[in-house]
Amino acid sequence: MTSSSGISLSFILLVIVSLLVGSEAGGIAIYWGQNGNEGTLAETCATGNYDFVNIAFLPTFGNGQTPVINLAGHCDPYSNGCTGLSSDIKSCQAKGIKVMLSIGGGAGSYYLASTEDAKQVATYLWNNFLGGHSSSRPLGPAVLDGIDFDIEGGTNLHWDDLARFLSAYSKKGKKVYLTAAPQCPFPDSWVGNALKTGLFDYVWVQFYNNPPCQYSSGSITNLEDAWKQWTSDIPADKIFLGLPAAPDAAGSGFIPVADLTSKVLPAIKGSGKYGGVMLWSKYYDDQTGYSKAIKSSV
């Protein structure tokens, strides 16, 4: 079909589609769960600021330990007090927000002793947080969208095995998303091998507490060099710029809103792998309004 001017309708549609794809905006990922004064999970998703929420953390698992979640002051897992989060999770997902369980964290007791141990942890995660079945699901019946690897301790062994076992569960219907939060020095010393599997959908690199590769007082060079290495060497769908949402949220690496929107984002958004910005954490974002201030630029 052609319009009166001789331009085909299919061509016009093609142009519109290419414009839409080319201008695909990034999203914001947030960590929630480590401060009881950051509002509920449902309230977090209701802000409209976030596309991904990482529930933090499952800090105890592996090597035969009974896995235990720790959501700070939000709920008590020992009395099954976190199962009420199920309705919150579903309300987030109804808004199109992906909700992940973040395993690991900066302070925890976790490591994988063997490939078989990784398999057992994957089975536990599937049955207790994903699409499987268990009589003791810590967050209730809601099915999370995937697992976030925030591995900052233990050993660097068998995380690739865990990723493979978890990814295999995607064949059972609902896709199991895999995300990770490595440190910006490349390659990450904890999950570097796991990221090479190419099984991770979203990787939010922590560009903070790591002076060699973070933004500092007007200089974007170190961050830009590290960003280029991550986006060119890691086979993931999207790479995110991980940042503290407030100066107090990290030891170093905070980027003022004006610097982020005028200098940093324009320098990294050209990459086809640019996915957006990850923030630590909801509590600090509440203090500064950082996500709201940067959302239109992300």
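Where pLDDT is low, the predicted coordinates should not be read in detail. For the protein as a whole the mean pLDDT is 93, and 92% of the residues reach 70 or more. Residues are numbered from 1 along each chain as its sequence is written, and side-chain values use heavy atoms, with hydrogens and water left out. Because the model is predicted, local features need pLDDT of at least 70 and side-chain atom pairs count only at pLDDT 80 or more, whereas totals for chains, interfaces and linings use all residues.

Helices (H or I, at least four residues) and strands (E, at least two) are DSSP runs numbered from the N terminus, and two strands are said to pair if DSSP finds at least two bridges between them. On this basis, 8 strands close into a barrel with parallel pairing, in the order β1-β2-β4-β6-β7-β8-β9-β10. Neighbouring strands of this sheet are turned by 25° against each other on average, with direction ignored. Strand β1 (residues 27-32) pairs in the parallel sense with β2 (residues 52-58) over 4 bridges, I30 having V53 as its bridge partner. A further 4 bridges join β1 to the parallel strand β10 (residues 274-280), in which V277 is the bridge partner of I28.

Strand β1 is largely enclosed by the rest of the structure, because 6 of its 6 residues are buried, that is, under 20% relative accessible area, with exposed meaning over 50% and partly exposed in between (1.4 Å probe, protein chains only). G27, A29 and Y31 point one way from β1, while I28, I30 and W32 point the other way. Helix α5 (residues 159-168) lies across β4 (98-105), β6 and β7 (177-180), and runs at about 175° to β6, where axes are lines fitted to C-alpha atoms, for helices over the stretch in contact, and angles run from 0 to 180 degrees between N-to-C directions.

A nonpolar core is a set of buried Ala, Val, Leu, Ile, Met, Phe, Trp, Tyr and Cys residues joined through side-chain atoms within 4.5 Å. The largest such core has 76 residues, and those with the most contacts inside it are I103, L139, F149, W159, L162 and F207; its largest share, 6 residues, comes from α4. A second, separate core of 17 residues includes A181, W204, Y208 and A246.

Two buried aspartates lie in loops. D145, between α4 (115-129) and β6 (146-151), has a relative accessible area of 10%, and its side chain makes polar contacts (N or O atoms within 3.5 Å; within protein, one must be able to donate a hydrogen and the other to accept it, and residues adjacent in sequence count only if both atoms are side-chain atoms) with the side chains of Q93 at 3.1 Å and K174 at 3.5 Å. D188, in the loop between β7 and α6 (192-195), has a relative accessible area of 5%, and its side chain reaches the backbone nitrogen of W190 at 3.0 Å. Leaving aside residues up to four places away in sequence, D188 touches P182, Q183 and W230.

Terms used:
Contact means heavy atoms within 4.5 Å. pLDDT is the predictor's confidence in each residue, from 0 to 100.
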